[in-house]
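Dear colleague,

I am passing a structure on to you, and below it you will find my notes on what turned up in it. Please read them with the coordinates open beside you.

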There are 2 protein chains.
Amino acid sequence: MRIFGLDEARVMALAAGVTMRVGEGGGAEPPDAATAAHIFARAAWTGLAEPGDGLAGLLVTELGAVTALQVVHDSWTARRISGLIRQRRGVGGGELDLGQSRGDEEEFETTLQQGLERWRPRLFLDEVVRSLEAAHRVAARLLLPGDALWPPALGDLAAHQPIALWWRGESAALLALPYSIALVGSRAATQYGEHVTMEASAGLCDRGFAIVSGAAYGIDGMAHRAALASNGQTVAFLAGGVDRFYPTGHEALLTRIVQAGAVISELPCGASPTKWRFLQRNRLIAAASAATVVLEAGWRSGSLNTAGHAAALGRPLGAVPGPVTSPASAGCHRLIREYDAECVTNASEMAELAGVRPVAAGLTIPVGDTATGLTEAGLGRTSDQVRVFDALSVRSARPVADIARRSGLSLTSVRGALGGLGLEGVVRERASGWSRTT
Amino acid sequence: MRIFGLDEARVMALAAGVTMRVGEGGGAEPPDAATAAHIFARAAWTGLAEPGDGLAGLLVTELGAVTALQVVHDSWTARRISGLIRQRRGVGGGELDLGQSRGDEEEFETTLQQGLERWRPRLFLDEVVRSLEAAHRVAARLLLPGDALWPPALGDLAAHQPIALWWRGESAALLALPYSIALVGSRAATQYGEHVTMEASAGLCDRGFAIVSGAAYGIDGMAHRAALASNGQTVAFLAGGVDRFYPTGHEALLTRIVQAGAVISELPCGASPTKWRFLQRNRLIAAASAATVVLEAGWRSGSLNTAGHAAALGRPLGAVPGPVTSPASAGCHRLIREYDAECVTNASEMAELAGVRPVAAGLTIPVGDTATGLTEAGLGRTSDQVRVFDALSVRSARPVADIARRSGLSLTSVRGALGGLGLEGVVRERASGWSRTT
């Protein structure tokens with residue numbers, strides 16, 4: 001049997017190569033053929049669609065990654081794909097949602113046509129194979145939504161959450177993300193900014209927080225370095241593939257982060273960082289961490305983009321003030337004045353800002369089933385159930401209308417999906433709405 | 001005829017000596033005997049009561065300064081004074097208000113007894129005469145509530161507004177107070193703090209704002225200096241008499257402020273600054289200016305007291321951030337974090353904070369009748385009318401309930417007083433409440 005024209009055993013081997021690691025996952029089974037196809041398809045989509053492509057996210061959610069890849073591969077027309085989606089949904093399956101706006105059928109087909117024109121020129125199965133091989137060589141693994149290691153907070157990105165994530169490093173670093181604070185700032189940092197970042201990062205690690213940043217020169221680099229020096233957890237989100245470290249001057253630093261923490265990207269191995277990918281990478285930094293703090297930033301610093309994402313997601317946002325005579329702090333003061341960022345001056349205030357308490361240092365967070373098979377496919381959930389589950393939080397209960405808004409589904413669809421998830425025992429109703437049980 | 005046992009002509013001369021200035025006030029008449037007695041009595045009260053003594057303010061408002069002084073001088077009992085107040089008010093004159101709390105008759109008499117015990121040991125008419133003579137020697141003048149030069153914003157202090165103010169300098173500086181910004185901060189200022197203060201003060205003067213401060217070493221001194229260097233208006237509020245400059249190291253600076261601006265105090269000539277008087281002086285700085293900005297302050301700086309007064313009065317409050325590594329800026333960051341102070345980084349943002357626009361530089365604000373005779377006594381107003389008038393603003397209309405709260409009078413008393421003031425043409429009713437006409 002063949003998958004996308006590739007030998008089934010080959011696809012299974014490739015999938016196993018990016019989901020299992022030698023000496024780890026004791027009882028975990030290698031992925032079966034169906035799961036392997038799913039892994040391969042999601043991996044392919046990370047190369048087809050640019051980060052944050054909501055239409056790709058929608059297609060994968062509606063049809064599953066395999067079928068979605070198949071219809072692009074087999075050059076289906078937009079109309080035929082649209083028809084398949086409606087057929088899958090059945091009667092009363094709700095309107096097709098395109099992220100922000102709801103369009104009628106024709107509008108959707110036009111949008112889909114544009115998507116197909118973006119994706120088709122990029123679909124070379126050989127390249128997908130090469131990126132999976134490259135990933136295996138550097139021990140990079142693929143993480144899918146729903147996996148035990150998947151950062152649950154990314155669900156807040158709704159249709160814009162990554163289709164999959166590539167990562168290298170220690171799983172403990174990923175599991176620490178719910179108790180992480182993003183420390184970001186300018187590449188052109190001053191001595192003051194670097195000093196404050198070092199103190200903040202070390203102080204937060206001492207309090208059990210993980211440090212998230214972007215591995216750039218200046219503030220980002222100092223945040224990671226101080227976390228490593230403090231034996232803290234640290235996670236770097238990259239704008240290109242995790243096999244090629246950028247900036248090159250931080251190759252040694254990123255190597256150390258892989259050894260003691262984790263590097264993550266939604267781009268496949270071999271992908272170069274671009275302006276767009278940096279901006280989209282910033283949304284992951286903001287979404288994955290419990291709070292974002294800008295330590296030093298000029299008036300137009302790229303770190304203000306990360307701050308904007310944090311604010312848009314409702315994440316706590318802090319900024320460290322500096323001398324008003326220093327242009328390197330002008331962006332921080334701007335965040336405090338115009339974007340309601342909280343003025344934070346030390347690690348203790350940043351910890352307070354985050355509003356979460358890390359588990360006591362030294363305690364091990366129990367790890368569940370880390371096999372990649374635990375995806376929506378593996379659980380046999382409908383696409384509505386997957387979207388609704390993604391829209392739920394463990395911590396706070398959400399009303400049905402809120403879940404509908406987050407998932408982009410109709411109220412009827414949300415209620416239907418919640419029923420199924422309830423039978424599965426993974427959601428529960430509270431007075432103020434629905435939440436995940438775990 | 002004698003006033004408080006003093007020769008009437010002597011009292012009239014003393015009063016004239018602190019209300020008129022050679023070569024000024026062309027058509028203004030010297031105060032008549034009644035006005036002179038009133039001026040003498042208010043001057044005496046500035047020495048009897050400590051700044052912010054709400055009970056003294058109440059007594060002076062209820063009985064007029066002359067009678068209030070007479071009953072203290074003649075050693076009346078608290079009961080007899082209380083009886084006189086009730087008699088003056090007549091039936092339905094409202095409860096006696098002691099600032100924050102309302103007490104019954106007995107409570108009021110106890111409080112009054114305590115006041116008499118505070119004031120009587122200080123009442124030496126010779127000393128009042130000496131302070132008036134000293135004031136005349138340094139060309140200091142006495143300003144009474146209701147005078148054209150009286151800073152109207154002090155009315156927001158209600159029962160705690162000064163009984164009178166002593167001042168030296170140019171009347172233009174007093175008239176500029178509605179367009180003033182208080183720039184305050186630590187005595188132990190850093191180079192950074194002084195630099196930022198200089199830029200702020202000069203920039204605000206360029207925009208037509210007057211600079212209010214406390215003439216202390218460090219930030220205060222720099223604020224005044226930069227205003228003088230920019231040919232701007234500047235007003236220093238002192239915690240002791242205006243005849244003795246404090247700190248002594250700022251004698252030259254204060255001399256220049258008198259020449260080009262103004263120094264003000266609610267203490268009579270000869271009075272020394274005390275801790276209490278500094279704290280009470282801070283309330284005048286906050287109340288007299290349109291906004292207060294703290295430029296550099298340690299965690300426990302006295303300038304935070306001024307900021308607290310500004311916040312309590314609902315005045316816009318700003319703080320300039322600095323390096324988080326500098327303890328000299330810790331108070332500013334505290335104000336931003338805990339007291340909702342706005343983070344301001346330059347003169348333009350401070351001007352915006354103030355929410356008022358100064359008249360264009362070079363324009364002269366027309367000065368009305370500057371003779372001190374224009375007091376409540378001169379106008380023949382009842383005490384209720386005086387208190388209600390004080391509680392009104394020219395800029396914003398206030399509902400009757402708000403006026404009652406500000407003046408400490410009952411709704412009935414406020415309505416009665418507004419009627420009288422309306423006939424006088426000095427107040428008017430708008431849709432949202434009552435305001436002064438001028």
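In chain B of this predicted model, Arg428(B) has Ser435(B), a residue of E15(B), as its bridge partner. The two strands concerned, E14 (residues 427–430) and E15 (residues 433–436) of chain B, run antiparallel and are joined by four bridges, and with two residues between them they form a hairpin.

Turning to chain A as a whole, its secondary structure comes to 19 helices and 15 strands. Of its 438 residues, 56% count as buried, and among the contacts between residues at least 6 apart in sequence, 73% join residues that are at least 24 apart.

Nine of the strands of chain A form an open sheet with mixed pairing, and their order is E5-E6-E10-E9-E8-E7-E11-E12-E13. Strand E5 (141–143) and strand E13 (342–343) stand at the edges and have a single partner strand each, so one side of each is left without a neighbour in the sheet. Within this sheet, strand E8 (residues 210–213) and strand E9 (residues 234–237) of chain A run parallel and are joined by three bridges, and Ile211(A) stands opposite Thr234(A) in E9(A). Helix H11 (residues 251–260) of chain A packs on the sheet, where it touches strand E6 (165–169), E9 and strand E10 (262–265), and its direction makes about 105° with that of E10(A).

Strand E8 of chain A also holds Ser213(A), which counts as buried at 0% relative accessibility. Leaving aside residues up to four places away in sequence, Ser213(A) touches a set of residues that includes Leu183(A), Val184(A), Asp220(A), His224(A), Phe237(A) and Ile285(A). In the loop between E8 and H10 of chain A lies Ala215(A), whose phi is near 65°, a positive value in a residue other than glycine; Ala215(A) is buried, with a relative accessible area of 0%.

For helix H9 (residues 191–206), 16 residues at 1.5 Å a residue should span 22 Å, and the end C-alpha atoms are 23 Å apart, which agrees. The buried residues of H9(A), among them Tyr192(A), Val196(A), Ala200(A), Leu204(A) and Cys205(A), pack against strand E7 (180–185), E8, helix H10 (219–229), strand E11 (291–296) and helix H15 (347–354) of chain A.

For helix H5 (residues 78–89) of chain A, the 12 residues should span 16 Å at 1.5 Å a residue, and the end C-alpha atoms are 17 Å apart, which again agrees. Its buried residues are Ala78(A), Ile81(A), Ser82(A), Leu84(A), Ile85(A) and Arg89(A), and, seen down the helix axis, they fall within an arc of 155°, so they line one face of H5(A). As background, an α-helix has 3.6 residues a turn, so residues three or four places apart point the same way. On the other side of H5(A), Arg79(A) and Gln87(A) are exposed.

Just after the helix, Gly90(A) takes a positive phi of about 75°. In the loop between helix H4 (65–73) and H5 of chain A lies Ser75(A), which has a phi near 55°, positive although the residue is not glycine; Ser75(A) is partly exposed, with a relative accessible area of 48%.

A cis peptide bond turns up in each of two chains. In chain A, the bond from Tyr246(A) to Pro247(A) is cis, with omega near -5°, and Pro247(A) is found in the loop between E9 and H11. In chain B, a cis peptide bond joins Tyr246(B) and Pro247(B), with omega about -5°, and Pro247(B) is placed in the loop between strand E9 (234–237) and helix H11 (251–260) of that chain.

How many disulfides are there over all chains? With a cut-off of 2.5 Å between cysteine sulfur atoms, the count comes to zero. The sulfur of Cys332(B), for example, is 9.8 Å from the closest cysteine sulfur, that of Cys343(B), which is too far for a bond. Cys332(B) counts as buried at 0% relative accessibility, and Cys269(A) is buried too, with a relative accessible area of 8%.

With kind regards

Conventions: Residues are numbered from 1 along each chain as its sequence is written. Chains are lettered from A and ligands numbered from 1 in the order in which they are written. This is a predicted model: local features need pLDDT of at least 70, side-chain atom pairs count only at pLDDT 80 or more; totals for chains, interfaces and linings use all residues. Side-chain values use heavy atoms; hydrogens and water are left out. The expected span of a helix is 1.5 Å times one less than its number of residues. Buried means under 20% relative accessible area, exposed over 50%, partly exposed in between (1.4 Å probe, protein chains only). The arc is that of the directions from the helix axis to the C-beta atoms. Two strands pair if DSSP finds at least two bridges between them. Contact means heavy atoms within 4.5 Å. Axes are lines fitted to C-alpha atoms, for helices over the stretch in contact, and angles run from 0 to 180 degrees between N-to-C directions.
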